[in-house]
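Please examine the sequence and the three-dimensional model below. The paragraphs that follow lead through it step by step.

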Amino acid sequence: MTRSVRGIATASALAALAALLTPAGGAAAAPTVGRDPGASTARTPSHRPDRPVTRLIVRMTGGAATTSNVRTAAASLAGVGSATVVRRMAQGATLVGLSSPVSTDDAWRVAHELTARPDVAYAEPDLWVYPTSTAPNAPTDPLYAAHQWDLWDGASSTGGFATRATTAWSRTRGRPSVVVAVIDTGLTVHEDIAGSVTNPAPTDPIVKGYDFVSLDDVSTTTTPVLRAFTANDGNGRDANPSDPGDWITAAENAGTDRVSGTWFQGCAGTDSSSDSSWHGTHVTGTIVARSSNGRGISGIAPGVKVQPVRALGKCGGSLSDIDDAIEWASGGAVAGVPANATPASVINLSLGGPGACLQSTQDAIDHARARGTTVVVAAGNDAQSIAPSSPTSTTTGSQPADCRGVVAVAATDRTGRLASYSDFGTAAYPVTIAAPGGDALPGGSNIWSTVNTGTKGPVGSGYAADAGTSMATPHVAAAAALLQSMAVGRTAYSPDAVASLLRSLTQPFPVSAGCTDVRCGPGLLDLAGTLPTLAPLAPTVRGEARADSVALSWTPGDSGGLPVTWTVEQSEDGTSFHPTSPVTVDVATTSTTVTGLSDALAQYWFRVVARNADGSSAPSAVVGPLSTAPYTVQDPAVTGGAEHLAVTWRPALAADVSSYVLRFRRVGDLGWVTRSAPATATSASLTTWPSVMPAGAYEVQLGATHPGVPVPTLWSASLPATVTALQQRSTASARVLRPYVDGLQDSVRFAVSSNVPTTGVVRILAANGRLVRTLALPRGTRGAAVWTGLDAQGRRVPNGAYRADVRLVGRGRGATRVGLFAVSVLPSRASAPVVALSSTTLRPVLHGARGAVVIRATDAVPSTWTWRILRHGRVVWSRSFSRRPTAVATWRGVSTAGVVLRAGTYSLSVTARGGEGAAATTTRTVVIAPAR
């Protein structure tokens, strides 16, 4: 629930937004800070109208689809014409649409009557919910020090009553495999988050999401009439979770809008209208805004990913959409929606509405928890208990914060006290934890995050301060994501374990806060607390054989938050390992040398185990076999490619190596193909060119020769690699060429691609086979050559048929044809244009029907156009067009000066001039009929 404290700053459009950068009082603001004018009330905004109910959520006993008998009963009990199936929901329930809206009380009465039936497991109204908003490792983002007191309050040497999130960054800033689904109004493109919502870059802190805002049934009859009123994006559910804005106009708020009627009546409350909230963008920024990028703010968990899941639109959203969004975000299946490729570890729900938790919502939450997803929910902004007075109350309680198994979040102000607007818990419905949400006071301390500068649709990147439990909730969701990030590579925390850990990561409320454990949680989220410790993860080890020793080095895995020591283990057969001596390597060391390995015929394998006070890691990946013999090739490596193998190595230790021998074969073949390399070489390319090298799995071995030993006696272990087929292709942009330099049909582009770097040519041949022109293709994996119809001497070729022979160097040095294209060189002279009229008779526009004639003219060649309307030989209207194959315009029976012409017969003259030769003209007759 949002208390908006709206102030916008944008570094990319300062000049255009200069007026927005002036704080109350008139003084000029710093250019990237924006302003924070405050809010007049800390209560939930009045724009939460008592919306009528148009749909029911019905689950049959056993989970089957609703029967016609149940739908008939629903319509009869509701006193409406009919009840129809809208869709099946992910939990097995059915969304049933009523042909006419009913009040919330009547909807609950119908639901209870249906639930009493033996064939119905439960029935509930599809209710409406609303947005609930209103030092150490310090980042360098420009708004951090001045405004992000919620991360670390610089007014206190200990960080104040903030989350003190930056202290956790010495352990983790989050892992990209941990996803937080923000089920909200969607997301806008923002300089501090991502350049695309639908196609984020791998380096962006978001993954692809989905839009669950369904179409509204606005019919008052038995025939559904679906409109994208709430969605406000012109359609229903799709893969684009972008936020189009949720503004409310004065007409919509008054219920007089000519399109939406009364659908949004009261949504702006006592205000005549409201601007777009950009609520989902604000919530997302608190979690993952890029840290220390020189822009705006820093997120609490900048290393995790957010999944934007749009379920709120104009004036809120339906619980049926929220329920499906929860199912999908956590990895569940929703009919008609593609599977979620990146299910969320944490779901953020900064939304809610009055009433007890619906069973359908509880089912969705239970399913998410069963999949391991933690659901974090805003407590609400009504300054009342989240506990419903009864299971059917529509005015008390705060759902979904009153659902079982959620992490319910209350909001605190900068002094650590429960915010005046924040809902609170009871013994039966306790709040899990509190977090900074702002005070929602004029000029007060509120939560700065990312927004859009548009008042209606999205315009540009901005920053603003909002207040509410919506703002507190992403602090906790981000903390949950940091906890799961520490478990990456280990067993993930269960939702209950996350809740327990969060409750332990708190600082006490001030005495004057008026808080108890059940009312506000055990304390205020504090990431400077004792984070959990875990057994370390295995390191990544590298080994280098020397004359009588092996040098090992490693990159540590996650330490688990405790000092780590290392045990190096050795094997002579690759199976049985024993500790080397000394057994333990010092905590600060990430390398060691194992000595005493002088047996030139022996091979050795090594691995490293990490240990801390909580336990041991799994052993690292095994390094080896390594040999300390002086003629062993060091660190051989093979990479597969298109019909070749790239091999690299370091020289053997012996000083008298004569050459290196490389042998390779397809896996399963008996014979080897052998190649040699000089003693000074450290790389080679292996292939069977000019013969085809079949694709498949290969193995490679290396050995060294020396005086008196012409064949290696010691080969390296077989190195695997995969060879792919040679793929070379070409395309032609056109098959017609009219040499006339203006960009229309005056060139043909021959593009080539190859999965090995190569060169090539395009040979232009006349019909008799004579070579006309050779065009070189640049070396690389992609290239192109352009022919403009000129021969080798730069002269225009005669009109006629030509062939383009495209050849690339393939295997070895031979050129292989990869394309043969027919190209016709044709004149650019215009022929008589084809003229089509939408009507040959019209009445002037002042007289209504057929007040215009659409004229379309085409020619076989791109032409410049001159159109004229004549009466008695005098030109009354004319148009001209630049060179193009088709020209289209509308004549409305007026002169060039816009004067309505008299009734009568007129002549239309259409003249086309190509790139060469004389112009051609077509005439038609057009009649202006007299007015009737």
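**A guided reading of the model**

Strand E32 (residues 659–666) and strand E33 run antiparallel and are joined by 6 bridges. Strands, like helices, are DSSP runs numbered from the N terminus, a strand (E) having at least two residues and a helix (H or I) at least four. The model is a predicted one, in which local features need pLDDT of at least 70 and side-chain atom pairs count only at pLDDT 80 or more, while totals for chains, interfaces and linings use all residues. Residues are numbered from 1 along each chain as its sequence is written, and side-chain values use heavy atoms, with hydrogens and water left out.

The two strands belong to an open sheet of 4 strands, in the order E33-E32-E35-E36, with antiparallel pairing. At its edges are strand E33 (673–678) and strand E36 (719–723), each of which pairs on one side only. Two strands count as paired if DSSP finds at least two bridges between them. On average, neighbouring strands of this sheet are turned by 30 degrees against each other, direction ignored; the axes are lines fitted to C-alpha atoms, and angles run from 0 to 180 degrees between N-to-C directions. In general, strands of a sheet pair through backbone hydrogen bonds.

The next topic is the interior. In soluble globular proteins, nonpolar side chains tend to be buried together. A nonpolar core is a set of buried Ala, Val, Leu, Ile, Met, Phe, Trp, Tyr and Cys residues joined through side-chain atoms within 4.5 Å. Buried means under 20% relative accessible area, exposed over 50%, and partly exposed in between, with a 1.4 Å probe and protein chains only. The largest core has 56 residues, of which Ile287, Val476 and Leu502 touch the most other members. Among the elements that each supply at least two of its residues are helix H5 (279–288), helix H8 (469–486) and helix H9 (495–504). H8 gives the most, with 11 residues. A second, separate core of 53 residues includes Ala107, Ala123, Leu319 and Ala344.

How many of the residues of H5 are buried? The count is 10 of 10, and one of them is Ile287. Leaving aside residues up to four places away in sequence, isoleucine 287 touches residues including Val180, Val182, Pro474 and Ala477, where contact means heavy atoms within 4.5 Å.

The peptide bond from glutamine 399 to proline 400 is cis, with omega near 15 degrees, and proline 400 lies in the loop between strand E15 (374–378) and E16. Another cis bond joins tryptophan 689 and proline 690, with omega about 10 degrees. Tryptophan 278, although not a glycine, has a positive phi of about 50 degrees. Tryptophan 278 lies in the loop between H4 and H5, and its relative accessibility of 1% makes it count as buried. Asparagine 232 likewise has a positive phi, near 60 degrees, but is partly exposed, with a relative accessible area of 22%.
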